[in-house]
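Reader: Please take a close look at one part of this structure and describe it in a connected way.

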Amino acid sequence: MAAAPALQTHPDLFPSVRRTPLPGGYMGKLLRVDLTAGRFEELNLPEEPILRRFWGGQALALYLLHHLLPMDAKPFDPESPIIMMTGPMTGTGLTPGGTKMTSIYLSPATGYTLGRAATSGFWAVSLKAAGFDGLIFTGKASSPVYLYLDDGRAELRDASAVWGKGTRDTEDLLRAEVGHQDAKIGCIGPAGENLVHAAMMANDYNHFAAHGVGAMMGSKNLKAIVARGPRRPPLRDKMALIEAGKRWDATLRRPGKDANRDVGHAASWGAMTKHNWQTTIINADDNHGFEKNRIVRRPCFQCGRMCPWDVELGDGSHPGTLAHFDAGSEWIDTFFNLDVTGNDVLYLAERINDLGIECSHFADGAGLAFEAFEKGLLTAEQAGGMDLKWGDLPTIERLLEMCARREGWLGNLLADGPKELAEALGGEAMQWVVHTKGGTPAQHDWRPLIGNMLREMTASGGMKPQGGGSKDVPPDLKYRESWEPLSADKADGWAWSHILSEQYRQASGMMGACWFAMNPGVPDGLNSMVDALNATTGWDLSLDEMLTAGHRSMIMQSVFGTQRGWRAEDDYTNIGPRFLEPIPDGKYQGFTIAKFLPGLIHEYYRLSGRDEYTGRPFKDTLQKLGLEEFSEWSEAE
Amino acid sequence: MNPEHLLTVNGERRPYPTARLSDGKPRSIMFDANACIGCRQCVEACKDWNELPRGNQYKINPSTWLTMEPPLLEGIASIWGRNSCMHCEYPVCAAVCPVEAITKFDEGPVVIDQSLCIGCEYCVYACPWHVISKSDVTGKATKCTMCVDRISENKEPFCVQACPANALAFGTVEEIFAKVEERAASFGGKVYGKAEAGGTHVLHALTQEPEAHGLPRLEPDRYPKHDIPLDKKIKGVLTMTAGIEGKVRAVKNAVTKPWRLKYRYWHTPEPPR
């Protein structure tokens, strides 16, 4: 591979010769890809003290991004990097959840906060098998390319044959082209190519890194990353890891016999996003036809949680369609939000994944378009001559295509996002839109749930939020926390519960573990993960230190926003009003978190060591977390 | 084959080394093709326990001792099959080995001793399931060991403990016989591996005919007919396959146990017991 000019950074960041031992779990190498020059640079991972602070995943990637992203760069500027990072737990094979890859970049959805796109499956494991813990992409290729990694070798190959293709065809074609069935592929669809602000990267059919990483790849003419290899991460204490992995496995929730035959996550609290968030009622026959589907679990690499599933549709407009889904069910709410029901929902979900558009981005944009059309604010001419009839499958499928390819006035605005569409429509549309800082919340009706709303609002918009406080103290944290079960309609205690959850969820991503495989609600849910990390790396971290590491990541993420103009008040001012309206109907009718604002948000920042108005960390917070180097961005006490 | 017979098997002469790991109780693996979802966690677990290279997991090779058939990507397929060493009660691979490098353990495993193997490939060709391969790196034959190191510590094989779909089980021969019959009956399937080649220690509950699961149809005769290529036999006899030391061992074996030679050179299958 041709060598790229060396990066000019602190010598501990990418040491030319390691001075500290590499902990277990790491391959020890990053690959920097300069797409403009078509060159590679193999970099050593940072020295051990840096790894011990940031572990891997989103935190290590962000620490590097802080050093590599020019302060005035825009998301799609060639010098705006995408950093993709696994963690030490990724690919050991001996625990659940060791599948995580997190991409970090300046968010194209908000333009001023952090973009974080996480994915599981097999692809991250293959990246390590190819010899790399992570990838750093800078520059822009002059024509579409894909990166091919095979056992330490790297090539940039012409991707013109797959440019324009959907994620499913791209994966199949590239696997055939490289001639290895064990090659794993992360790729973008037309949405990423056309810079849809919340375009996704798809990998291993069932997995999607959302929140704009697809657009970032598209902006660099990077269609895909194909990885394979024979390598495995070295382990410090394999037998101890097996034991910890078994304990971790015992804490997993697993899908029941009838999994994926109901309307998904929304069923668990009984409110669904429908009719652009104007009704929440779940009807008994909303899932009609689901009972006729053939469903097979398609678990991630060595994980017993078995979230992903393949389905062959048994009825609806497109029976026989094969669809591939992961954990969660935001895509079901997405099309219920447009008044589709039954198997047509799953058909459209497969289409949106093939095109590579994040579902909530489309759900809230298209939902607004339908409502505005119905209420006369959006014209047929603006809609490309279409009659936007709620629930009409051909119309919605056409809108998906228009969004992915930025076709026409409406397609272009759907690609930009719901906030941009509302601004273009003007008038009352500004009241009907759901967005968070220009990004979108995960597509569920969180409005009745205080902890989840707090999470969605404080997460950097356009970034998959982390955490979501629990009503009860997680059993493993009882040694240090104690509170009475929190009330669903009182704000008391939710801020702190959320902060804790954000810390352990962040820590999960940092170790390279999927937080769907994390179950803090049962004994040993957290301790088994800490023990697994220690067995892998050779460290001796405590659960307290795991939470501190997560806290470090939280603060570093908000410092990134601070550097680019974000303030805490944006969380409740730069937000689509409908997200904060009283719930219109159903069992939670009339409830709104708005009555607790901004107090709840202020409490969240204060309790996590940040100023409640600016969101900047206090100096002593930085000191406690070992982040003194960011002191210039702190708030004077 | 029946459990009582197995328990007394050490009383008869066998054309290969036998040995005892722990309590001498024979054990078996069960594979339920109806429960299998084709996720290949068993395949990766095998690689993890044995620290075999990642990747290349779709066909048997020195770094992949267990495959799931057909060699399609994970996910929706109408049928899955397990392809790996069957740990035969009468292992013909062991019978043809000129240096007695393959041992049948009382507890079930058939294991190639890497320090004894001379890489002649007789076992590779003799195995009726074609699940032995020769490493280009070490020049030795490799295959599933049934996790003999774990069984000796009374632990189940690593593939079995990894299955998230409850498609694999491990236990004494009696337990697994009962379980595989029960599983097969529950979906109207067939048991495979109980009679084939004189009986094995991996029992499959199949949903369809063996061929559909990627398995050969075999007679119940012990030490099934094999076809070691003539050139391999000539090479084995006339050359120093594994140097002088290996040759000395092979010749010594042939001289001291001439009754074993028939399994290599003029073998006919033996009727089931």
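**The contact between the chains, and two parts of chain A**

Author: The contact takes in 17 residues of chain B and 22 residues of chain A, where two residues are in contact if their C-beta atoms, placed from the backbone, lie within 7 Å. On the side of chain B that touches chain A, helix H2 (residues 41–50) of chain B gives the most, with three residues. Helices (H or I, at least four residues) and strands (E, at least two) are DSSP runs, numbered from the N terminus. That side of chain B divides into seven nonpolar, six polar and four charged residues; Ala, Val, Leu, Ile, Met, Phe, Trp, Tyr, Cys and Pro count as nonpolar, Asp, Glu, Lys and Arg as charged, and the others, Gly among them, as polar.

The model is predicted: local features need pLDDT of at least 70, side-chain atom pairs count only at pLDDT 80 or more, and totals for chains, interfaces and linings use all residues. Residues are numbered from 1 along each chain as its sequence is written, and chains are lettered from A and ligands numbered from 1 in the order in which they are written.

Within chain A, helix H17 (residues 527–537) is mostly covered, with ten of its eleven residues buried. A residue is buried if 20 or more other C-beta atoms lie within 10 Å of its own, exposed if 12 or fewer, and partly exposed in between. The cover over the buried residues of H17(A) includes helices H7 (238–250), H16 (494–510) and H18 (543–563) of chain A. After H17(A) comes A:Gly538, with a positive phi near 90 degrees.

A:Leu393 lies in helix H11 (residues 393–404) of chain A. A:Leu393 counts as partly exposed because it has 18 C-beta neighbours inside 10 Å.
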